[in-house]
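Keep the structure open as you read.

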Number of protein chains: 2
Amino acid sequence: MPSYRAPVDDVKFLLNDVFYIDRYANLPGFSDATPDVVDAILGEAAKLCEQVLTPLNRAGDKEGCKRATDGSVTTPPGFKEAFKQIVEGGWIGISAPVEFGGQGLPMVMTQIVNEFLCSANMAFAMYPGLTQGAIAALIAHGSVEQKAAYLPKMIEGAWTGTMNLTEPHCGTDLGLLRTKSVKQSDGSYKITGTKIFISAGEHDLAPNIIHLVLARIEGAPEGTRGISLFVCPKILPKPDGSLGARNAVTCGSLEEKMGIHGNSTCVMNYDGATGWLLGEENRGLHAMFTMMNEARLGVGVQGLAQSEVAYQNAVTYAKERLQGRALTGVKYKDKPADPIIVHPDVRRTLMTIKSFNEAARALVVWTALTADLHHRSEDEKTRQAADDHMGLLTPVIKGVLTDTGFANTVMAQQMYGGHGYIAEHGMEQFVRDARIAMIYEGANGIQALDLVGRKLPKDGGRALQAFFAEVQGFIKEHSADAAMKPFVEPVGKALGHLQQATMWFMANAMAKPDNAGAGSTDYLHMFGLCALGYMWARMAAAAQAKLKTDANGAGARMSAKLVTGRFFMERVLPETAAQLARITAGAGSTMELPDEMF
Amino acid sequence: MPSYRAPVDDVKFLLNDVFYIDRYANLPGFSDATPDVVDAILGEAAKLCEQVLTPLNRAGDKEGCKRATDGSVTTPPGFKEAFKQIVEGGWIGISAPVEFGGQGLPMVMTQIVNEFLCSANMAFAMYPGLTQGAIAALIAHGSVEQKAAYLPKMIEGAWTGTMNLTEPHCGTDLGLLRTKSVKQSDGSYKITGTKIFISAGEHDLAPNIIHLVLARIEGAPEGTRGISLFVCPKILPKPDGSLGARNAVTCGSLEEKMGIHGNSTCVMNYDGATGWLLGEENRGLHAMFTMMNEARLGVGVQGLAQSEVAYQNAVTYAKERLQGRALTGVKYKDKPADPIIVHPDVRRTLMTIKSFNEAARALVVWTALTADLHHRSEDEKTRQAADDHMGLLTPVIKGVLTDTGFANTVMAQQMYGGHGYIAEHGMEQFVRDARIAMIYEGANGIQALDLVGRKLPKDGGRALQAFFAEVQGFIKEHSADAAMKPFVEPVGKALGHLQQATMWFMANAMAKPDNAGAGSTDYLHMFGLCALGYMWARMAAAAQAKLKTDANGAGARMSAKLVTGRFFMERVLPETAAQLARITAGAGSTMELPDEMF
């Protein structure tokens, strides 16, 4: 049975010592996030995740969700009781507006807690997670009445939410969408069509489910400009908020899938279901995209979360499993063999994952804080810079944290040898669960295209220039500090590669866009490495500062930070050289083969 | 439902045009492998795999094996009938000695057919595959009587075989092995202990199963020098060869595992089971290792096989799935969207897999031919050179073909978006099945250590020097040929990196062996890239020669070879630069962290 321990100390190091959360105290909500409140939230979240959700993870995978012939869906044993604790703890709404019953705390707190939840039980965490996504859409686009009708219930967790985008013939290309919507005389719409891959589409955790559905209003233009967003509850609320009639939206079947068995992935049938327009007519895609950044950031967090829990269990096993002797001689004479953590290849694997996880967490915290700035700052310029940052970093975080997070679960599983392949230790479940995060909320190839094709050139490259300037500024600031040399030099080199790749795109992709497409995934990952490297440089600076004072006896932890950061520089970051070579090879041999020769 | 088409043309290109199988005609068995015979074997194997085994793969995964309370195991529907066809076709023994009923054909034919079998149905292919392994051990170490008693039945497929090494507390470190064996007055032994992860340990495909078991004879030394190998049949054969009494070896349970559900992975209980010594006392590990090269080559083939079938299905999907439009403008005006194969990132993915598969297949054919030389040549020097080659390339093929093969199944699955995550298309099964090949027959970290710690320094580096000399000789031979420049130049550069890494180990790992351990996996993969690059260079030379004559209208296929080879050089091989940087960073930051800080 796998175990989990929430990385509370690491989070506090990031909030306090790396990103100075106290500097944000002038923003709404941040003044409430006092060190005591943050401590209490992290402690309570850790307890819930470690003691309640982790033990449900394996059984949730094994039992899965069950659909009865009437279309109702039962979640795995224990999920209902656990969800009650989510509701009672107010966990869905910790960053939601106070006026609708939320706690109004910074968004960064939600992303941090979501990492813990996803590490403990990713399939379970998706139920509150999707509800948060639907809440964000309702806040951004709902009418006053819609907000009043849905937000308090959803923020409380009394009702949950979903997103209905995908159809059998269209996922990425939503312009092909066929679900229809016909306006009724009372202003409502009748929605008809089939949606697939709908996470948490039907379940027994809450009495009502609020579906947000993309559909095409009768007579609307073809393509992406004719798509509208609708709110469509499973059970129609009466004017007083109590539950009324059952709506004509049902779960047609559950998908049989590789992992996240504890989450109900539904085919949803809309048979003239009643819905109401959310936002403007034919602006449905636009409405979805305004909340896409947070949703994608959340999926990136899932990749990190699985990487973290897989790492923790691999470490435990590596310390317990006795096999072979250290290359440098017997380490534990009293034991029949040494624990495998003595072996350099095992340590290399663990350090590779560890050095990613800690930097990825920093990247998430940094970007979530930026999201808070974007939503809460009163300064126009700050808001714009924050929006630029979010737009640029979102595809990077989604793509890199899920690709690498998945690869890390595979590496962690490998530490167990044959024992990693059998279900008992739970390692293979982490692999299967982590795999989906590379696919949903925009497959990672789409993230790469979004970065290269849209985010780089946007506003004349303003966001990218700001990112370059920030990293270069940091490097310059620390260039005279010998202790920082092992960090800022490699980051400078990697950033140089990223700039060369960017220049190469500018010179070669305008006339031949395939040159950008063929290099997009490498560019995405190169960007990710630079961003993670920058995070390590900042963490190293913070650790060195803390080591000088060492007020809280954090010496050993801070020294470990510096070693881990150096490992990242020496063993992970050099990849950018190979990425640059691949990108600048261009699209020639990639595009040359006739289709029939594949 | 996934489909499969055996790459018969590609195999013929390798045998005839790249490796000139006709030059081996002086060896025993090769003269029988005339072009007609090879054609017939490939054609029949393809038919069996495409039409019989492929359709059983999905159901085999879903149904899995079932154990009854009496310990008997039922294989998935259709497996029994399919195995009959294996027996009737004589597929287990195509390379086995004629004197025991085999066809005596070169080992390369078995490896080729095994690729087809594993692509079609890996879980199924393991039943005949493990039997071949047990046959090899019996040929190498069996007494005249043992050979007579077991080989004809096993080569026919009337009985199957297994390997019993792993115990709950020991896998890699077999010195810890506890299974006991006590000599009886009649010369037999009573074997007692528990073995785990025993593939094909119990099933209903054949009436008898011949277990080869590692155990420690009462009073034998501790550690690896006290381990002996035993042959221990499920049912004791009578002197006339008919089945006698049931032996005290039973399947205690089936492992619940990530994939290969169609293969029965058993916990085997030996309760004083009767067995006979195979080979010499206390030389059991040695006996196992003599057949390890072929077994590991076979596992490498599994990695290639899953990569190939996953690739084929990804190509089909990429040509059918309509989503979005080409970056360079609409390609199919009559369709609502272009097939996704127009997108550069999709093509990059497919080309990455394709360029690996074709080179990996070449590497397998090359090395299997070397195995034939080793076993069949009458020239001592040739045999020694072949043995050197096998020893050096075996860990590379096992480690790289399974690591990259697995990664490729993940990439192929990604092409399907959400449809790859659900079971229907079979893509997620390829991922789950391929995963085991990185673990068994020596986890890949062990392959890396074997390469760096044992194979490199062996005989003063003779094998490695021969490999370098061969590749450099080829480069030199083609250095004046402008058409070969895009191939030999990158290979030369990669080989230079490999040589630098080797030199670095020589200078830095003698005093500090951790420097070798920490770089071993990168070195393994770097070696793999060089070997695959060399295969591409040879294939390119063969393709160019064939293009000049184009006797069989192979022009389009040969041009495709050249494009695919160039892609490998431009987009895959540059990785060696990053690997070199990681290796030469040394073990410092890898080993520095105190255990408690992980």
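Start with one helix pair in chain B. Val8(B), Val11(B) and Leu15(B) of helix 1 of chain B touch Val108(B), Met109(B), Ile112(B) and Phe116(B) of helix 5 of chain B. Sorted by class, this contact has 7 nonpolar residues, no polar ones and no charged ones. Remember that this is a predicted model.

**Helix 1 and helix 5 of chain B**

- Two packed helices are described by the angle between their axes and the distance between the axes.
- Helix 1 of chain B covers residues 8–18, and helix 5 of chain B covers residues 107–141.
- Their axes come within 12 Å and cross at roughly 160 degrees.
- Helix 1 of chain B and helix 5 of chain B are therefore roughly antiparallel, as angles over 145 degrees count as such.
- Helix 1 of chain B passes helix 5 of chain B in a right-handed crossing.

**Helix 4 and helix 5 of chain A**

- Helix 4 of chain A (residues 107–141) and helix 5 of chain A (residues 144–156) have axes that come within 10 Å and cross at roughly 155 degrees.
- That angle makes helix 4 of chain A roughly antiparallel to helix 5 of chain A.
- Helix 4 of chain A passes helix 5 of chain A in a left-handed crossing.
- Helix 4 of chain A makes the contact through Thr131(A), Ala134(A), Ile135(A), Leu138(A), Ile139(A) and His141(A).
- Helix 5 of chain A answers with Gln146(A), Lys147(A), Tyr150(A), Leu151(A), Met154(A) and Ile155(A).
- By class, the contact of helix 4 of chain A with helix 5 of chain A has 8 nonpolar, 3 polar and 1 charged residues.

**Helix 12 and helix 15 of chain A**

- The axes of helix 12 (residues 444–455) and helix 15 (residues 513–549) of chain A come within 8 Å and cross at roughly 95 degrees.
- Helix 12 of chain A is therefore roughly perpendicular to helix 15 of chain A.
- On the helix 12 side, the contact includes Asn444(A), Leu449(A) and Val452(A).
- On the helix 15 side, Gly517(A), Tyr523(A) and Phe527(A) are among the residues that meet helix 12 of chain A.
- This contact between helix 12 and helix 15 of chain A has 8 nonpolar, 5 polar and no charged residues.

- The size of an interface is often given as the accessible area lost when the parts come together.
- Chain B and chain A bury about 8100 Å² between them, and carbon and sulfur atoms give 58% of that.
- In chain B, Tyr421(B), Arg571(B) and Phe598(B) lose the most area to chain A, together 11% of what that side buries.
- The contact involves 96 residues of chain B and 96 residues of chain A.

**Salt bridges**

- Over all chains, the structure holds 60 salt bridges.
- Across the interface of chain B and chain A there are 8 salt bridges.
- Glu592(B) and Arg566(A) pair through their side chains, with N to O at 3.0 Å.
- Asp595(B) forms a salt bridge with Arg347(A), and their closest N and O atoms are 3.2 Å apart.
- This pair crosses between chains: Asp595(B) lies in the segment after helix 19 (588–591) of chain B, and Arg347(A) lies in helix 8 (residues 344–376) of chain A.

Definitions and conventions:
Residues are numbered from 1 along each chain as its sequence is written. Chains are lettered from A and ligands numbered from 1 in the order in which they are written. This is a predicted model: local features need pLDDT of at least 70, side-chain atom pairs count only at pLDDT 80 or more; totals for chains, interfaces and linings use all residues. Side-chain values use heavy atoms; hydrogens and water are left out. Axes are lines fitted to C-alpha atoms, for helices over the stretch in contact, and angles run from 0 to 180 degrees between N-to-C directions. Helices (H or I, at least four residues) and strands (E, at least two) are DSSP runs, numbered from the N terminus. Angles under 35 degrees count as roughly parallel, over 145 as roughly antiparallel, 65 to 115 as roughly perpendicular and the rest as oblique. A crossing is left-handed if the near helix is turned anticlockwise from the far one by less than a right angle, and right-handed if clockwise. Contact means heavy atoms within 4.5 Å. Ala, Val, Leu, Ile, Met, Phe, Trp, Tyr, Cys and Pro count as nonpolar, Asp, Glu, Lys and Arg as charged, and the others, Gly among them, as polar. Buried area is the accessible area (1.4 Å probe) that two parts lose on being put together, summed over both. A salt bridge is a side-chain nitrogen of Lys or Arg within 4 Å of a carboxyl oxygen of Asp or Glu.
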